Amino acid sequence: MEDFEYWNIDNLAKTIETQLNVEATNELLELKNEVDKQLDFGERKTMIRYLYTIVDTSASMKLKDLKPSRLACTFELLKTFIENFYDKNPLSHLGFGIMKETKMSQLSDLAQYSREHHTKLSQLKESDSNEISLKNSLEIAMELLKQTPLYASKEILIILSANSSSDPGDINETIEELKRLKIKVSIIALSCKMFVCKKITENTNGTLDLATNKERFRDLLIKYANPSVLNLDAIQVTLVPIGFPAKRTEEIKVIKNPNKPAESLFVKTLCSCHDSKMDSQHYICPRCKGRNCDIPAKCGICNLNLISASLLARSDPVPKFSLIRVFLHDEMRENGRYEYETMHLQELLGIQTKCSSCSEPFEGSLKTVKHVSCCPTCKSFFCLKCDVYIHDSLFNCPECI
Ligand SMILES: [Zn+2]
Ligand SMILES: [Zn+2]
Ligand SMILES: [Zn+2]
Ligand SMILES: [Zn+2]
């Protein structure tokens, strides 16, 4: 009896943390924890971001405190960062620049998904000079971000290894201009937190972090890949047209032999987004009927944002599902308690006795700990497997849609 977690009606009603009988392995619980950790629900997220990332390539990037070297480690982690960024911000743009000998040069354009980032980053080399200029770099990035739409959030992320900056003129003027343009600057420092970095990030609403080891560096990049909290002061709220294209395979039926069924012949046609690429599968723009190779992207003809509903949902994660454990023991059944408590729980949950998603019944063998997840919005109940699937792959609560 003492092992039984008694259900308090008031607490349940208040927290809506309700749970029935589903067996859950430790592995599933760990997975749920992993997925939940990345959810930062409660605040509205920025859906359209223009993030310009500047990588320091000064001689200090040759240091081997991050293995195999600071630059090689940065490149390795940035590969995952790029995938993560596009995965979580399907309507956003990402671009790269490098700081080298007090100058900044553009590595890749601000773009929706682009392979160019990977190829250009893989060619990076450390320079022989230890000099960099934060002021020059910020000014060039600022010029690029000036041209972005007013409804988008403008962000600069600097990966900084050098521990000094040679700036011509007054950096305070640059900070004022960044503030005026509402550009958020965040810095991941690999050596130390310089005072000037603190000043830049504090004044522009960004953050300054020190990557003391590879794991910390990776976590920080995950943080910047996740959609940032929406700051209504930094953007102009407007309606953005978005189209949901249909995927179409172009084929014709050919009857070669009248005694046999017609055969499909795939027809390759030109797309509107490349110069001379031919394919038989395209996404058809709902506005101009133009053929596009991939989504998310802007239509090659009418410039409409093309995306699928499931991709769009990634910018707005499903809230964390609450989880409570129930202990049920054979003795309870023997003395009638099991039946009573189960009925009691079912009364609280209504008549739901199976997972809202996969219909797996919330019944398991006795003498085990059972788990059920509850969506705080629609109050539907799910098994743990579905909870993980919803947060990790589906990005939509099937009952909330
Ligand atoms: Zn194309
Ligand atoms: Zn179009
Ligand atoms: Zn399920
Ligand atoms: Zn729901």
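The protein chain has 12 helices and 19 strands; these are DSSP runs (helices H or I, at least four residues; strands E, at least two), numbered from the N terminus. This is a predicted model: local features need pLDDT of at least 70, side-chain atom pairs count only at pLDDT 80 or more, and totals for chains, interfaces and linings use all residues. Residues are numbered from 1 along each chain as its sequence is written, while chains are lettered from A and ligands numbered from 1 in the order in which they are written.

**Exercise 1. Find the strand order of the open sheet of six strands, and name its edge strands.**

Step 1. The order is E3-E2-E1-E4-E5-E6, with mixed pairing. Two strands pair if DSSP finds at least two bridges between them.

Step 2. E3 and strand E6 (208–210) each have a single partner strand, so one side of each lacks a neighbour in the sheet. These two are the edges.

Step 3. Direction ignored, neighbouring strands are turned by 15 degrees against each other on average. Angles run from 0 to 180 degrees between N-to-C directions, and axes are lines fitted to C-alpha atoms, for helices over the stretch in contact.

**Exercise 2. Describe how E2 connects to E3, then how E4 pairs with E5.**

Step 1. Strand E2 (residues 93–100) and strand E3 (residues 103–111) run antiparallel, joined by six bridges. Isoleucine 98 faces serine 105 in E3.

Step 2. E2 and E3 form a hairpin with two residues between them. In the turn, glutamate 101 has a positive phi of about 45 degrees.

Step 3. Strand E4 (residues 153–160) pairs with strand E5 (residues 183–189) in the parallel sense, over seven bridges. Isoleucine 158 has isoleucine 187 in E5 as its bridge partner.

Step 4. H7 packs on the sheet and touches E4, E5 and E6. The direction of H7 makes about 145 degrees with that of E5.

**Exercise 3. Work out the packing of H6 against H7.**

Step 1. Helix H6 (residues 171–180) and helix H7 (residues 195–203) pack at an angle of about 20 degrees, their axes 9 Å apart.

Step 2. H6 is therefore roughly parallel to H7. Angles under 35 degrees count as roughly parallel, over 145 as roughly antiparallel, 65 to 115 as roughly perpendicular and the rest as oblique.

Step 3. The crossing of H6 with H7 is right-handed: the near helix is turned clockwise from the far one by less than a right angle.

Step 4. From H6, Ile171, Ile175 and Lys179 meet Val196, Lys199, Ile200 and Asn203 in H7. Contact requires C-beta atoms, placed from the backbone, within 7 Å.

Step 5. By class, the H6 and H7 contact has four nonpolar, one polar and two charged residues. Ala, Val, Leu, Ile, Met, Phe, Trp, Tyr, Cys and Pro count as nonpolar, Asp, Glu, Lys and Arg as charged, and the others, Gly among them, as polar.

Conventions
Contact = placed C-beta atoms within 7 Å.
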